[in-house]
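Please view the sequence and the structure below before reading on.

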Amino acid sequence: MTERTEHDDVAPGGAEPKKVHTFDLIDEVPGASGETGPDDEDGPGTEAGPDEEPQPREPGRVAVALASARTAVGQTARRGGAAVRRRLPTTRRGKVLLAGGTAAVVVLAVTAGVLVNAQLRERALLAAPGGVRALEEQPAEQWSIDLDDPISANLVEMPGVLAIAGDESVRGVDPVSGEVLWTVDLGTFPNCGPAASSGIGAPDPTAPADPLVCVAGSDDGSLAVTVIEPDGTTTTRELGAEGHVLPAADGGLFVFELKGGDQEPRPVVADELGTTHLPKGFVGPDLVVRLEDARTGTERWSENVAFGAPRAESCVTYNSDDEDSEPEPALDVAGALGWVLNGDVLEVQGCGVSAAFLSDGTRLDDPTDPTDPPADGADSASFASLPGGGWVEPGTEVSETSVPNDVVHLPDGGTVTLEGQVLVPWATDGRDPGLLLERVGIRTNARSTSGGDLGAELWSARIEVAALLASVSGTAVVVDEQGAVRAIDLGTGAERWTLDPEVLSLGDMAWAAPSMIFGAYTDGDILLLPVPVDPTGQEPGLRLLAVDLRDGSVRWAVEQETSYTDLVSVDGYLAQITQQGVVGLG
């Protein structure tokens, strides 16, 4: 990142950038260095004397000399410089041969560097959320697998393998050809993961499952956990009455167990306004959160989350005996328990209990402070993982939108306290832009994440961002509160292009654009946005819209009859759940 300078231009659309933040987009080749040292002294007998006539050299000798010189250069720049100087040909013919050979070496070196850079960029892109290999041409169906119950299936990325969990089994599929590599029978309602959430909004920054952990039931009501390696080998064990379980990363299994207190389900009283009231003197159970090894059941860590002052709505569920009757509120401590696994962050909430943890067991909230989110049901604030590592927690100050500000914990240990809420990109190309964006009311600010000016405001623009769809090659693509898609220069905050809400065909639902865009995917040049054909939901259908990141033009659009929108990228190849099963797109 280079130094910032004042920017006098006002961006189109009233961006009003205050400062300039520029990027050094030249990638370095690992192991290369531009440093040189002083030349060594020439040894005796290396050059012709003043009275001696230099002798012509044959091309073969020149080639040998050049090879020797390159070997010396490879050892150290200091010795190499002297070695090349001692071997310079002195005849005209030799110099011509040297020039040609040097040009060839330079071309080869530059070409090799470009190839290495391209490989590094592709590797970073495919490892990033929403990264795909190519979107230049509109995708077509490459393969398909039928499922009896597609709507209950889920797709999980494994290293080089697409895991399709559904129909009481999980299939390991080659994402390129659709070949079924292996099949593992599980049981009823298989839940496999860790899996990134999909459908609406940003995919979680979840790494490929290695191994895959699956929990499934049987006819007698018991549960079993199966650990599946990428090659299809498995380990299975029966689970006892541990409570609720959730597949975790690195072959782990989260267990949520209620201990003590009043756990009996029963009706609760609702007043004339519909507000529910808990029984007088009600004391609910504590919650034990445990991470264990899914293969063996060995505990990795556990913590007791003590029961506190509950909100009645966090202890109540609504059920009805039939479709025609109104749902009745019931005190249901176990049924009201919920959790969210977002990358490396686990957040749990229930009746009088709430907590947030990192996957290593680090408690993120303050258990001694009842006002500390997510305690006491602060539903508008939560913890989350960042795509490139690190995590976000709610702060203690209330921003302009009456929502607590965010505190960002960076992967290198740095901390940035924001005025508003961090904007987490749905898709990236894997590059670190050296900044993060925050939403503060009707403005969007960029803050530095580099050590020298950590947290400094780089620019501020009058753009009311609803969601950050992508951060790619120095460009941020956002959707604003009016449903327009805008591209912002990450260096200055200036607006590059705008897509009207009509392009997304959202009609009167433009205000709900973030919930009408079912994810974001990019190959570094094009942004793919899945949107509904009919935003009112009366007609099924999905439209895949490809937007050129350079100018905002629509490169292509595909309308699908399917209403299911579960898209995942596995090793850069797209797969999608449809009304019939799963298809591979390419």
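Cys351 counts as buried in this predicted model, at 3% relative accessibility; buried means under 20% relative accessible area, exposed over 50% and partly exposed in between, with a 1.4 Å probe and protein chains only. Its partner is Cys315, in a disulfide with an S to S distance of 2.0 Å. A disulfide is a pair of cysteine sulfur atoms within 2.5 Å. Cys315 is buried too, with a relative accessible area of 0%.

Cys192 is buried, with a relative accessible area of 2%, and Cys214 is buried, with 1%.

The structure holds 2 disulfides, listed here.

| Disulfide | S to S | Angle about the S-S bond | Hand |
|---|---|---|---|
| Cys192 to Cys214 | 2.1 Å | 115° | right-handed |
| Cys315 to Cys351 | 2.0 Å | 80° | right-handed |

With the bonded cysteines of the protein chain numbered in sequence order, the pairing reads 1-2, 3-4.

Residues are numbered from 1 along each chain as its sequence is written, and side-chain values use heavy atoms, without hydrogens and water. Because the model is predicted, local features need pLDDT of at least 70 and side-chain atom pairs count only at pLDDT 80 or more, while totals for chains, interfaces and linings use all residues.
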